[in-house]
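Here's a quick briefing for anyone meeting this structure for the first time. Have a look at it, then read on.

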Protein chains: 2
Amino acid sequence: MTTLPERVTITEVGPRDGLQNEDCYVETPQKIELIARLNKAGFSRIEAGSFVSPKAIPQMRDAADVFAAMPRREGVTYVALVPNVVGARNALAAHADELATVVSASETHNKRNINRSVEESLREVEGVAALASDAGIPWAGYISTAFGCPYEGDIAEEQVVKLCTRLRGLGAAAVALGDTIGAGNPRQVANLVRAVQDALPDTPLRLHAHDTRGTGLANVFAALQEGVDSFDASVGGMGGCPYAPGAAGNVATEDVVYMLEEMGIATGVDLPALVEVARWAEEIVGRQLPGRVKDAGIMPAADAE
Amino acid sequence: MTTLPERVTITEVGPRDGLQNEDCYVETPQKIELIARLNKAGFSRIEAGSFVSPKAIPQMRDAADVFAAMPRREGVTYVALVPNVVGARNALAAHADELATVVSASETHNKRNINRSVEESLREVEGVAALASDAGIPWAGYISTAFGCPYEGDIAEEQVVKLCTRLRGLGAAAVALGDTIGAGNPRQVANLVRAVQDALPDTPLRLHAHDTRGTGLANVFAALQEGVDSFDASVGGMGGCPYAPGAAGNVATEDVVYMLEEMGIATGVDLPALVEVARWAEEIVGRQLPGRVKDAGIMPAADAE
C-alpha cells in the first residue's frame, strides 16, 4: 500500500447536505442543537447551512437564524453553501467563515438543477469569489456529478479537470469532487484524483462521497491512497439521493471516522460522542438512518450496549 | 494503483450465511427457489446450506432436503458448510461439490461458539479433510474472527498466519479470511493478506467480508489491490451479526458486483438479474435488507424504475 496521510480533515455536512435532503423540516432549535453536539464531538469544520431560495429548498429557509444563534467553538470553521451572489451576500451577513459554491460537471444536470448553463454558473461563481475576497474569507469550489450524472451517465475526466482549472483560476481555496449520485467506484476515484493532481499539482482536493451504492468508504480509501486528506461526510448518513428516493446519500461520518481511526489515521473527532449524535439524529429526522457503526457499535467487546 | 485482477470469483453465501443469521425460518421451497434464481443470475459458486445440528442452528435444519431438491446448473459448485465430521458425512451424502469448514482465530470465540479449543477444532478439520479426500472433492478452510473478535478484540496477525499454515497443511484447497464481526479496516486487510501471501505464496485466498461497520467494500477493494480474486457475499446483504442485533452482516453481493463491474472487473454475474433477486429476498425474509444498489438502482439514467 502507498503511504497514507497520517491525519485527515472531515467536514461535517449533516446540517446542510444531510438535512437539505431529508423529507422533513427540522426546526431551527434542533438544527442549532445538532451543531452544538457536533461541536462537542470535535469537528474542526461544519457545513452549517445553505443560503438558497426558500422556495427551492424549504429545509434551509432558516439558515440565517441558525448561523445567528448556533454556538461557535473556537477554531471551528462554519461553512455556508451559496448557489449565487445573493446567497453569498446573505452568508457573509450571517458571518459564515467560508463559502462553498457548486457547479456541475454535467451540462444537463446543471441546467436541470439550477436552470443555468455551466458557463453561466461559472460567471456567478466569479461574483461569489469577489465577495469572499472582499470579506477576506476563503471559498471552495464543488464539482457535482463528478463521477456520474443522473441524466448524462458517465462524465469525462477531462471535463472535471477543466472545471477544476477554471475554479482554481477564479481563486478557489480548495476543489471538492462530488459524487452526487453515488455512482463512483474506487478505480475511477483514484484515476480522477490523479488526473486533477497532474493538471493542478498544488490544489487542495476534497472528496464529497455518497454511499448510494455502497461504495462510499471504498472511494474514501481510494482517494486516501492518492494523498487526499479532506473528506465530507454527514452524521448518521443523513440526507439521501434526490434521484433515487429511499436510497442512501452522503457517506455516514461515524463510519468514515471509524474506518480512518482504525487505520491509525487521526481525524480529531471523538467517535463515541459522534455515534451518540448519529443516534440522536435519527430522532430529529424521524427515521432510521443508513450509517452502520451507530447500529453495530464501535467494537462489540468494548461497547457498553 | 497496483494492477488489479481482471476477473474475480464470487461465492454467493446468502442461502447459508445469510439465511442462517436471519431471525425467521425460510421454508424449504423458498430456499430452493432462491438457489434457482441465483443460478439464473450466473453465479459459478453458491454456498447452499450448512450441515449443522438443527438444535444449534434451526434455520439450516432442512439442508439435506435443499441439496436434494435444488436445481443444479452445470459448471456451478454447490458448497456445504460443515462444522464437523458428522456434518461432512451428511454433506457428502447430499452430494455437495465442495466443503467449507471453520476455525476461529480467537480461542475464546471458538470455545464460546462451538465449545471446543482451536486445537480440538483442527483435529475435527483433519477428519473432514480425510472424508473430502476420500470423496475426491475439495474443501476450504475458513478462519473466523480473523480481523477482530467480539470477546478478545484485536487478533494478532501471526495467529491468523499460523492457522492458515495449519489448514493448508491439512489440505485446504483455499483459505478464507473471515471478518465475522465486520471489524476489519482496509489497511489491516492489506497487511494480513500480504502476511499470509508471504508465508504461503501459492495459497488461493478468499475474503469473507462483513459490512457491519460500513467497511465491507473498502475491505474488498483493499484485498483486490493485493491480488485477492475470490470473495464471499450475500444477496441483499441477508444475514446479520449475532454479536450486534440489528446490524448489517455479509457484504451485499449486488453492491460488490456493482463496484467490481464498474471498475471493469468481470464477475460473470448478471447484475440486473441479481438486483431482482435481492429485492425478492426482502420478501422471503420479511424485512428491508441492508444492500444499497437494490434501493438506488444500478445507474439512475439507465435504470428502468
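The buried residues of helix 2 of chain B are covered by, among others, strand 1, helix 1 (14–20), strand 2 (45–50), helix 3 (63–69) and helix 11 (271–285) of chain B. Helices (H or I, at least four residues) and strands (E, at least two) are DSSP runs numbered from the N terminus, and contact means C-beta atoms, placed from the backbone, within 7 Å. It's a predicted model, where local features need pLDDT of at least 70, side-chain atom pairs count only at pLDDT 80 or more, and totals for chains, interfaces and linings use all residues. Residues are numbered from 1 along each chain as its sequence is written, with chains lettered from A and ligands numbered from 1 in the order written.

**Helix 2 of chain B**
- Its buried residues (20 or more other C-beta atoms within 10 Å of their own) are B:Lys31, B:Ile32, B:Leu34, B:Ile35 and B:Leu38.
- They cover an arc of only 155 degrees around the axis (taken from the directions from the axis to the C-beta atoms), so they sit on the same side of helix 2 of chain B.
- After helix 2 of chain B comes B:Gly42, with a positive phi near 100 degrees.

**The barrel**
- In chain B, 8 strands form a closed barrel in the order 1-2-3-4-5-6-7-8, with parallel pairing (pairing takes at least two DSSP bridges).
- Strand 1 (residues 9–12) and strand 8 (residues 230–233) of chain B run parallel, joined by 4 bridges.
- B:Glu12 has B:Ala233 in strand 8 of chain B as its bridge partner.

**Where the chains meet**
- Chain B and chain A each put 42 residues into the contact.
- Helix 8 (186–199), helix 9 (216–225), helix 10 and helix 12 (293–296) of chain B each give two or more residues to that side of chain B.

Notes. Contact = placed C-beta atoms within 7 Å. Buried ≥ 20, exposed ≤ 12 C-beta atoms within 10 Å, placed from the backbone.
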